[in-house]
Amino acid sequence: MLFCSGAAPGAALSPVLADSTRVVRLSSLEWPPYAGASLPRQGATTAVIAAALASMGYRLEVAYFPWTRATALIRHDSPFAGYYPEYLSADLAREFLVSDPIGSGPLGFAYQAAAPVQWNSLADLSKYRIGVVEGYVNTDEFDMRVRQGKQMIDPAVNDKQNLRKLAARRVPLVLIDRRVYDHLVRNDPDLRPLAPALRFHPRLLEDKKLYICFRPNAEGERVRALVNAGLKRIDIEAVMAAALGAGSAH
């Protein structure tokens with residue numbers, strides 16, 4: 001199912017925005033507060049992309065899927081020009097055309113309140129099995145240590161499953177964005193009762209920039225140029241802050 005963004009609910013679209021040829025279609029996942037069909041403005045990164053496209057006279061349509069599906073659709077024939085939000089890696093930069101940043105998010109670790117983990121470098125974490133989401137890019141160093149067999153991981157299908165595993169003490173740490181963690185433990189009815197047993201570690205792994213990955217063809221290049229031009233016309237941090245604020249009040 002497609003969800004449209006780019007104008008306030010109930011607002012009349014201008015003739016340009018109503019033109020069905022001036023539509024950009026992207027795939028994404030339910031990743032609150034950054035992206036989600038039921039979020040105010042469909043999430044902070046969706047709001048940024050929609051605002052950038054609106055400034056260029058285009059409208060955004062987003063379809064939400066599990067993450068592996070959202071990314072696979074761009075590797076095969078589909079109506080979508082790209083997917084978001086993504087962390088950048090050298091492999092992805094070789095495979096896709098990558099937008100300018102559409103925001104950022106604080107990536108770190110959640111842990112059990114009764115069993116805190118202290119660490120100063122990733123080498124300190126090598127003795128732990130860390131919960132990650134299958135298919136997610138994390139950081140270059142962390143992902144390289146996983147590939148080299150220096151870091152044990154326990155993949156999950158999404159962040160919620162990871163946090164449930166953490167609360168059940170199946171893993172001592174999970175890798176997660178702090179805003180995603182905060183949103184889930186405050187708003188998800190399954191996770192709210194578990195929140196007192198969980199904490200987010202004050203040491204961040206990285207403040208990760210977020211991007212759109214486009215198909216590596218002429219159409220992908222056209223849409224990337226369009227989005228990048230629009231991003232220069234808006235205040236990305238202000239748009240994100242407004243969307244995140246709307247989500248907190250929702």
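## Ala63 in strand S3

Ala63 lies in strand S3, residues 59-64; strands (E, at least two residues) and helices (H or I, at least four) are DSSP runs numbered from the N terminus. Ala63 counts as buried because its relative accessibility is 2%, where buried means under 20% relative accessible area, exposed over 50% and partly exposed in between, with a 1.4 Å probe and protein chains only. Gly103 is 40 residues from Ala63 along the chain, and their C-alpha atoms are separated by 20 Å.

## Basis of the model

The model is predicted: local features need pLDDT of at least 70, side-chain atom pairs count only at pLDDT 80 or more, and totals for chains, interfaces and linings use all residues. Residues are numbered from 1 along each chain as its sequence is written, and side-chain values use heavy atoms, leaving out hydrogens and water.

## Helix H7

Within helix H7 (residues 178-187), the buried residues include Val180, Tyr181, His183, Leu184 and Val185. Their cover includes strand S6 (103-112), helix H6 (159-167), strand S9 (173-177) and strand S10 (198-200). At the start of H7, the backbone nitrogen of Arg179 has a side-chain oxygen of Asp177 within 2.7 Å.

## Helices H2 and H8

Helix H2 (residues 44-55) packs against helix H8 (residues 218-231) at an angle of about 95°, and their axes are 7 Å apart. H2 is therefore roughly perpendicular to H8, a term for angles of 65 to 115 degrees. Axes are lines fitted to C-alpha atoms, for helices over the stretch in contact, and angles run from 0 to 180 degrees between N-to-C directions.

Val48, Ala52, Leu53 and Ser55 of H2 meet Leu226, Val227, Gly230 and Leu231 of H8, contact meaning heavy atoms within 4.5 Å.

Notes
A polar contact is a pair of N or O atoms within 3.5 Å; within protein, one must be able to donate a hydrogen and the other to accept it, and residues adjacent in sequence count only if both atoms are side-chain atoms. Angles under 35 degrees count as roughly parallel, over 145 as roughly antiparallel, 65 to 115 as roughly perpendicular and the rest as oblique.
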